[in-house]
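Okay, thanks for making time, everyone. Let me put the structure up, and then I'll walk you through it.

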Amino acid sequence: MSSIQITLPDGSRQEYPAGSRPLDIARAISPRLADAAIVARVNGELYDLTRPLETDASLEILTSKNPEALEVYRHSAAHLLAAAVLELFPETKLGIGPPTENGFYYDFQRDTPFTPEDLEKIEAKMWEIQKRDLPYERKLTPKPQGLEKYKGMGEYMKCELIEEKAGDIFSEYTLGPHFIDFCRGPHVPSTTKIKAFKLLSIAGAYWKGDEKNHQMQRIYGAAFFTQKELDEYIHHLEEARKRDHRKLGVELDLFSIQELAGPGLIFFHPKGGIIRKLLEDWMRDQYLKRGYSLVYTPHIARSDLWKTSGHYNFYAENMFKRMELDDAEYQLKPMNCPFHILIYRNSQRSYRDLPVRLGELGTVYRYERSGVMHGLLRVRGFTQDDAHIFCRPDQIEDEIVNCLQFAIDTLTTFGFDQYDAELSTWDGGASGKYDGAPGQWALAENALHNATARLNMNVKVMADEAAFYGPKIDVKLVDAIGRRWQLSTVQFDFTLPRRFELEYIGEDGKAHQPLMCHRALFGSVERFFGILLEHYAGAFPVWLAPVQVMVMPITDRTLEYARQIQARLKEAGLRAELDDRKEKVQLKIREAQLQKVPYMLVAGDREAANNTVSVRNRKHGDQGVKPLEQFLADTQKLIDGKISFE
């Protein structure tokens with residue numbers, strides 16, 4: 001074929017010589033388009049700009065305006081990283097190097113650990129290679145020949161991947177004389193296309209993500225189309241580091257993880273305990289106001305219960321090992337739901353009794369692998385604000401509306417005014433991987449859709465992402481620096497009511513199976529605590545602050561007056577402490593600021609004589625002298641309204 005027909009996005013058709021490259025066609029259309037081009041889309045598939053076209057095709061040139069182009073750009077940056085590592089440390093063996101949400105990483109095996117100084121050298125080498133304008137060249141290799149080549153190079157991990165993933169002929173990409181990688185591609189045309197990147201960190205990883213495999217060294221990097229975007233992202237990372245709840249937890253003495261007790265188990269210290277109490281008290285009060293019944297259930301149960309629920313087989317790897325006791329085999333609970341089901345099943349239920357709403361702040365235990373635990377956000381023992389609703393089909397939509405409104409109220413109460421929602425649905429039964437009858441799925445999904453419409457929630461439908469046992473809605477909050485956190489979930493369940501043979505007696509006198517909905521709004525107390533800590537950077541609003549007021553006498557002469565102030569504050573219900581150290585008041589103020597105490601009350605001779613206090617707050621500094629009772633009234637308004645002076 002001497003020529004081919006190319007269909008462009010506007011529908012026009014042009015004739016080009018066979019073997020023309022997308023980059024040549026882009027240049028013929030517009031030199032500016034060719035300069036901006038990152039990758040092509042040919043017949044719906046991503047395609048190298050420098051790869052020849054041999055048949056008729058539809059063609060689209062992708063630039064920095066296309067999200068898919070950024071993923072290719074970042075994948076190419078990962079190859080650039082690997083090429084730099086091999087030039088500097090040729091003994092290194094290669095793992096994998098995919099793009100990520102904000103950049104890329106590459107896994108390496110090397111006996112000597114990489115150091116921060118190595119990271120600087122590698123990044124400098126990447127820029128050196130970038131300036132060489134090296135092409136990303138694609139080549140096709142027969143599988144036997146490729147395996148022999150990589151085996152000869154000692155790249156046994158590449159051999160594993162080729163054995164698992166490659167067809168009879170597979171693609172590879174080269175980058176200069178030292179780097180070749182088994183890779184599907186595509187990539188940018190050359191290294192000079194990559195204009196903004198930075199290496200960030202070194203972490204441990206397991207080959208193929210399996211802790212039974214050998215450990216790798218993972219180098220993370222960020223990559224964006226422009227330096228401005230990269231700078232903004234780096235600034236965002238720096239802000240996130242300042243807010244890291246693990247760091248703040250130590251600085252503010254809120255919680256710890258004790259090596260002697262084990263990883264993933266949280267110890268809340270007195271200040272953290274106060275905040276946790278406030279969270280839990282608020283939630284329990286809301287349960288009662290919204291028609292939930294409070295229940296308390298054990299931490300352990302016979303394995304027979306988990307066999308009935310299905311966790312014994314399907315969730316076994318996430319549960320702690322079984323314990324042989326004198327009467328039976330027991331396990332720590334990973335979920336509260338089977339316990340609530342037993343409470344529901346304990347009594348015969350009439351249609352008049354429904355809905356039954358059972359709520360608990362119940363501690364559960366899950367075996368998280370050591371590599372995934374992260375402060376308060378991923379732990380082995382955690383407390384869920386767990387509720388389960390058992391209702392009739394005609395009640396379900398109102399129940400979902402109430403759950404979602406409860407979720408929104410939770411967010412706004414704790415200072416989050418932005419959120420996203422995702423509705424996960426099934427595939428219509430095509431795959432056979434979902435439980436429940438089509439009628440149940442239709443009822444549940446319609447209830448979720450209608451509930452979000454009634455609340456005017458902007459919801460994104462996530463097709464074929466439901467749990468196998470029912471559709472769900474996830475609410476993701478947006479924190480102070482724009483990060484999205486998975487928080488509240490409203491989840492249907494068709495499986496457990498059937499497994500436990502749940503019933504209610506309907507108006508017709510016959511037994512019917514209730515609908516069941518799982519609902520968690522904090523997600524877990526620990527996770528929500530960590531998110532709150534990062535959202536506020538430790539500077540909690542007055543109502544949540546573990547210490548709300550620090551009283552500071554200027555001299556020993558006013559110490560007794562300062563004690564009277566503290567006593568009056570405590571009498572009014574405020575959490576007040578007295579700093580009676582023989583230190584300068586400026587030092588006391590500075591330390592209270594570091595502990596992010598909302599208010600500092602300074603008591604000197606003039607204040608003692610006039611029964612006043614000199615007020616400072618942590619953000620706005622000196623607020624002047626006020627009568628103590630006026631300060632109390634002003635502060636109580638902030639506490640009652642659950643707002644901050646900021």
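So, of the 646 residues in this protein, 52% count as buried, where buried means under 20% relative accessible area, exposed means over 50%, and partly exposed is in between, using a 1.4 Å probe and protein chains only. Before I go on, a caveat: this is a predicted model, so local features need pLDDT of at least 70 and side-chain atom pairs count only at pLDDT 80 or more, while totals for chains, interfaces and linings use all residues. Residues are numbered from 1 along each chain as its sequence is written, and side-chain values use heavy atoms, with hydrogens and water left out.

Overall picture next. The C-alpha trace spans about 95 × 75 × 60 Å along its principal axes. There are 20 helices and 32 strands; these are DSSP runs numbered from the N terminus, helices being H or I with at least four residues and strands E with at least two. The accessible surface comes to about 30600 Å², and 49% of that belongs to carbon and sulfur atoms, by the Shrake-Rupley method with a 1.4 Å probe, where for residues only the protein chains shown count as cover.

How is the chain divided up? The domain assignment gives domain 1 (3-63), domain 2 (68-234), domain 3 (256-297 + 340-535), domain 4 (298-332) and domain 5 (549-640), with bounds that come from an automatic or database assignment. The centres of domain 4 and domain 5 are 53 Å apart, taken over C-alpha atoms.

Now the inside. A nonpolar core here is a set of buried Ala, Val, Leu, Ile, Met, Phe, Trp, Tyr and Cys residues joined through side-chain atoms within 4.5 Å. Which residues touch the most other members of the largest core? Among its 88 residues, those are Phe414 and Leu569. Helix α13 (residues 396-413) gives the largest share, 9 residues, and domain 3 and domain 5 each put in at least three. If you click on Phe414 and skip its neighbours within four places in sequence, you'll find it in contact with Leu279, Trp282, Phe522, Phe528, Leu532, Tyr536, Trp543 and Leu544; contact means heavy atoms within 4.5 Å. There's also a second, separate core of 44 residues, including Leu81, Phe108, Leu230 and Tyr233.

Salt bridges, then. The rule is a side-chain nitrogen of Lys or Arg within 4 Å of a carboxyl oxygen of Asp or Glu, and by that rule the count is 46. Take Glu60 and Arg41, with their closest N and O atoms 2.6 Å apart. Glu60 sits in strand β5 and Arg41 in strand β3, so this pair ties together parts 19 residues apart in sequence. Glu60 is partly exposed at 26%, whereas Arg41 is buried at 18%.

Asp385 is in strand β20 and Arg519 in strand β27, 134 residues apart. Are they buried or exposed? Both are buried.

Asp479 and Arg483 pair up at 2.8 Å between closest N and O atoms. Asp479 is buried at 5% relative accessible area, and Arg483 is buried too, at 16%. Elsewhere, salt bridges that share partners join Glu87, Lys125, Glu128 and Arg132 into one network.

Last, some backbone details. There's a cis peptide bond between Gly185 and Pro186, with omega about -5°, and Pro186 is in the loop between β10 and β11. Another cis bond joins Leu354 and Pro355, omega about 5°, with Pro355 in the loop between α12 and β19.

Asp133 has phi near 55°; it is in the loop between α4 and β8, partly exposed at 41%. Asn456 has phi of about 55°, sits in the loop between α14 and β22, and is exposed at 71%.

That's my tour; questions welcome.
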